[in-house]
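The sequence and the structure are shown first.

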Amino acid sequence: MSDPSPLHLYLVKNLRGVLYFSMGASIEAELSWLKRKFKYRELGVSDTLGVEAGWSRLLSLPRIVDDVALDSLLQASRFVCPLVALKEESLGDFGGAVVASLKTSDKLGDKDLKFNLRLTNYAITDFYLKSIELAEKGNMEGRRKLAEKDLKRFWRVKPDPTGKTLIAYIDPLLIKGDIQSPTQKSLIPCFILDLE
């Protein structure tokens with residue numbers, strides 16, 4: 001096994017999430033919120049999105065595949081961090097790959113938003129190896145159950161099926177079944193930042 005690069009190790013330790021948003025989404029308020037809240041830690045974004053944020057904490061990640069949504073998921077898996085989707089509408093780009101979700105009507109303040117974003121970081125760290133193990137065995141149902149069980153960590157958020165999605169778990173293998181690299185096969189917890 002070859003040693004990973006120092007930059008890769010740094011990003012695994014310090015990347016707090018990979019940003020994703022639909023091309024037509026209006027994300028100014030969400031980007032502004034992230035800039036205020038992430039002054040000392042980095043966020044990544046797939047270079048397939050072509051974001052010119054003018055923000056030193058937003059790092060462009062070299063593409064793995066050309067599909068923007070899939071590339072963002074693979075980047076999140078590769079760096080063991082959650083996806084941060086800007087606007088709920090962005091989830092639609094993942095189609096049937098969303099295997100579990102939490103909707104709420106609660107209006108969360110800054111403290112609660114940051115707390116739940118931190119929980120999504122814990123989520124991928126906690127189930128990363130198990131998720132990849134299930135992928136290697138081809139156990140897709142086990143991966144779905146793992147995601148549903150992990151939703152319990154967000155017990156402080158009052159669920160409401162008619163509300164907005166706050167947390168989603170996305171399975172990249174449901175978009176592309178023949179992903180070769182084990183480090184790109186994790187289920188991805190996704191935090192949806194939608195300030196409307």
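## Salt bridges

A salt bridge is a side-chain nitrogen of Lys or Arg within 4 Å of a carboxyl oxygen of Asp or Glu. The model is predicted, so local features need pLDDT of at least 70 and side-chain atom pairs count only at pLDDT 80 or more, whereas totals for chains, interfaces and linings use all residues. Residues are numbered from 1 along each chain as its sequence is written, and side-chain values use heavy atoms, with hydrogens and water left out.

The whole structure contains 17 salt bridges. One of them joins the side chains of Glu-30 and Lys-87, with N to O at 3.0 Å. This pair links distant parts of the chain, 57 residues apart: Glu-30 belongs to helix α2 (residues 28–37), and Lys-87 to the loop between β4 (83–86) and β5 (98–104). Helices (H or I, at least four residues) and strands (E, at least two) are DSSP runs, numbered from the N terminus. Buried means under 20% relative accessible area, exposed over 50%, and partly exposed in between (1.4 Å probe, protein chains only). Glu-30 is buried, at a relative accessible area of 0%, and Lys-87 is buried as well, at 5%.

A salt bridge also connects Lys-164 and Asp-194, whose side chains meet at 3.3 Å, N to O. Because Lys-164 lies in strand β6 (residues 164–170) and Asp-194 in the segment after β7 (188–193), the pair ties together parts that are 30 residues apart in sequence. Lys-164 is partly exposed, with 30% relative accessibility. A network of salt bridges links Glu-30, Lys-87, Lys-164, Asp-194 and Glu-196.

In the salt bridge between Asp-66 and Arg-63, the closest N and O atoms are 3.3 Å apart. Asp-66 is exposed, at 59% relative accessibility, and Arg-63 is partly exposed, at 43%.

## Helix α3 and its ends

Helix α3 spans residues 68–78 and is mostly covered, with nine of its eleven residues buried. The buried residues of α3 are Ala-69, Leu-70, Asp-71, Ser-72, Leu-73, Leu-74, Gln-75, Ala-76 and Ser-77.

The N-terminal end of α3 is capped by Asp-67, which has a side-chain oxygen 3.2 Å from the backbone nitrogen of Ala-69. Such a polar contact is a pair of N or O atoms within 3.5 Å; within protein, one must be able to donate a hydrogen and the other to accept it, and residues adjacent in sequence count only if both atoms are side-chain atoms. Val-80 follows α3 and has a positive phi, near 50°.

Val-98 is in strand β5 and is partly exposed, at 26% relative accessibility. Leaving out residues up to four places away in sequence, Val-98 touches Leu-91, Ala-168, Tyr-169 and Ile-170, where contact means heavy atoms within 4.5 Å. The C-alpha atoms of Val-98 and Cys-190 are 9.5 Å apart, although 92 residues separate them along the chain.

Thr-104 is also placed in β5 and is buried, with a relative accessible area of 6%. Its side chain reaches the backbone nitrogen of Asp-106 at 3.0 Å. Beyond its neighbours within four places in sequence, Thr-104 is in contact with Val-157, Lys-158, Asp-160, Gly-163, Lys-164 and Leu-166.

Asp-171 occupies the loop between β6 and β7 and is buried, at 1% relative accessibility. A polar atom of the Asp-171 side chain lies 2.9 Å from the backbone nitrogen of Leu-173. With residues up to four places away in sequence not counted, Asp-171 touches Ala-97, Val-99, Met-140, Arg-143 and Leu-187.

## The second largest pocket

On a 1 Å grid over the protein atoms alone, a pocket is an open set of points where a 1.4 Å probe fits, with protein on both sides within 12 Å along at least five of seven lines; lining residues have an atom within 4 Å of a point. Grid points are joined across faces, edges and corners, and a volume is the space filled by probe spheres set on the points.

The second largest pocket holds about 290 Å³ of space. Of the 14 residues lining this pocket, Asp-106, Lys-107, Leu-108, Lys-164 and Asp-194 are the closest to its centre. The elements giving two or more residues to the lining are β6 and β7, and β6 supplies the largest share, three residues. The lining comprises six nonpolar, three polar and five charged residues; here Ala, Val, Leu, Ile, Met, Phe, Trp, Tyr, Cys and Pro count as nonpolar, Asp, Glu, Lys and Arg as charged, and the others, Gly among them, as polar.
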